[in-house]
Amino acid sequence: MSALANKFLPNPKTIAIVGCPFSGGQPKHGVDKGPIHLVEAGLITQLEELGWHVLFDGHHQFEEISTASDPPIGILKNPRLVSHVCECVANVAGEHVRNGHLPVTLGGDHSLAMGTISGTLNSYPDACVVWVDAHADINTIDTTTSGNIHGMPVSFLLGLGPRIPEFSWVKPLLKPERLVYIGLRDLDAGEKKILKDNNIRAFSMHHVDKYGIGRVVEMALDHVNPNRDLPIHLSFDVDALDPSVAPSTGTPVRGGLSFREGHYICEAIHETGLLVALDLMEVNPSLADAESVRQTVAVGCSLVRSALGESLL
């Protein structure tokens, strides 16, 4: 393991793998298989070889939650299912944080971050969120055109838009100045307005092209964590990467992060010694040929290892 100390984790340093085979926040089948493939690819052993103590008690199954009585709210699809699952995830991930573990949540679709980040903020209300994604996932019930909640978790965490009773458990603990995006390249018009109106710092692929990934990560951290003393929750959607790097994902967008740029972000976050929670989301093994699936799963494992101390030298 990297000799870098983590400012928030007690010894022995412990990871808790939270497998979330869940696809209810979006319409494409298969993203619920992502965590299973990542674990079967040997991720737990890989992390143990980096020196971590790893807890894993199986994937969290949600079959007992019925969607039969889950009509849309407005155009929101599966609202009660998504809310209930995310609340369960918030409780599980939050308990790990309280116990001094670093939860590594494997999704599943990105609606789950509503739960994981809630779990982090319940223990670390001043934590900052680094959201790496092609998409801002900040639509509200007023701006979403699809009704797919995987495009909305950030708005719930910030308390934007109309309050929906079914999501009343989500406390708006995330402050706009504690959120930064890296890798954006596919935003809805309503999302662009939300980012501007709330003065949320976002680095698109244009900024990565202009400044280089090293400078972008430095500027991002300067904004949300200027003194490098606040806990960091890193939420990484694999569609931040270019589809040539990670093809097996639900909403691929050309012109994304390279293999090295994605890994550099993870390495740089690790080097801060401030990481307290990590999400890896939207690996979908059902959307590509076997070799593309293998490639995407391998990249997902590699990103997690980089965020947890694997280095090139």
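**Figure 1. Helix α4 is mostly covered, with 9 of its 11 residues buried.** The model shown in this and the following views is predicted. The buried positions of α4 are Ala113, Met114, Gly115, Thr116, Ile117, Ser118, Gly119, Thr120 and Leu121. The elements that cover these buried residues include the helices α3 (79-98) and α5 together with the strands β3, β4, β7 and β8.

**Figure 2. Thr116 is a residue of helix α4, which runs over residues 113-123.** Thr116 has a relative accessible area of 2%; because this value is under 20%, Thr116 is classed as buried. A polar atom of the Thr116 side chain lies 3.4 Å from the backbone oxygen of Ala113. Ala113 is itself among the buried residues of α4. When neighbours within four places in sequence are left aside, the contacts of Thr116 are Val89, Ala93, Thr105, His233, Asp279 and Met281.

**Figure 3. Helix α9 comprises 14 residues, 259-272.** At 1.5 Å a residue, α9 should span 20 Å, and the C-alpha atoms at its ends are 21 Å apart, so the two values agree. The buried residues of α9 are Gly262, His263, Ile265, Cys266, Glu267, Ala268, Ile269, His270 and Thr272. These buried residues pack against the strands β4 (128-132), β5 (179-184), β7 (232-237) and β8 (275-281). They also pack against the helices α8 (213-224) and α10 (290-307). Gly273 follows α9 and has a positive phi, near 70°.

**Figure 4. The largest cavity has a volume of about 90 Å³.** Rolling a probe the size of a water molecule over the atoms shows where empty space is left. A search of the whole structure finds 2 cavities of 30 Å³ or more. The lining of the largest cavity consists of 14 residues, and those nearest its centre are Leu4, Asn6, Trp52, His270 and Gly273. Of these, His270 is also one of the buried residues of α9, and Gly273 is the residue that follows that helix.

**Figure 5. The largest pocket contains about 290 Å³ of space.** The pocket is lined by 19 residues, of which His135, Asn139, His150, Gly151 and Asp188 are the closest to its centre. The lining comprises 1 nonpolar, 10 polar and 8 charged residues.

**Figure 6. The peptide bond joining Asn11 and Pro12 is cis, as is the bond from Gly107 to Gly108.** At the bond between Asn11 and Pro12, omega is about -10°. Pro12 belongs to the segment that comes before strand β1 (14-20). At the bond from Gly107 to Gly108, omega is near 20°. Gly108 is located in the loop between strand β3 (102-107) and helix α4. Strand β3 is also among the elements that cover the buried residues of α4.

**Figure 7. Asp137 has a positive phi of about 50° although it is not a glycine.** The residue is located in the loop between strand β4 and helix α5 (153-158). With a relative accessible area of 6%, Asp137 is buried.

**Figure 8. Asn199, a residue other than glycine, has a positive phi near 55°.** Asn199 is placed in the loop between helix α6 (189-197) and strand β6 (201-204). Its relative accessible area is 64%; because this value is over 50%, Asn199 is classed as exposed. The C-alpha atom of Asn199 is separated by 40 Å from that of Gly58, and the two residues are 141 residues apart along the chain.

Definitions and conventions:
Residues numbered from 1 in each chain as written. Predicted model: local features only at pLDDT ≥ 70, side-chain atom pairs only at ≥ 80, totals over all residues. Heavy atoms only, no water. Helix = DSSP H or I, 4+ residues; strand = E, 2+ residues; numbered from the N terminus. Buried < 20%, exposed > 50% of the residue type's maximum accessible area, 1.4 Å probe, protein only. Polar contact = N/O pair within 3.5 Å; in protein donor to acceptor, adjacent residues only side chain to side chain. Contact = heavy atoms within 4.5 Å. Expected span 1.5 Å × (residues − 1). 1 Å grid on protein atoms, 1.4 Å probe; cavity = no way out; pocket = protein on both sides within 12 Å on 5 of 7 lines; lining within 4 Å. Points joined across faces, edges and corners; volume = space filled by probe spheres on them. Nonpolar A, V, L, I, M, F, W, Y, C, P; charged D, E, K, R; others polar.
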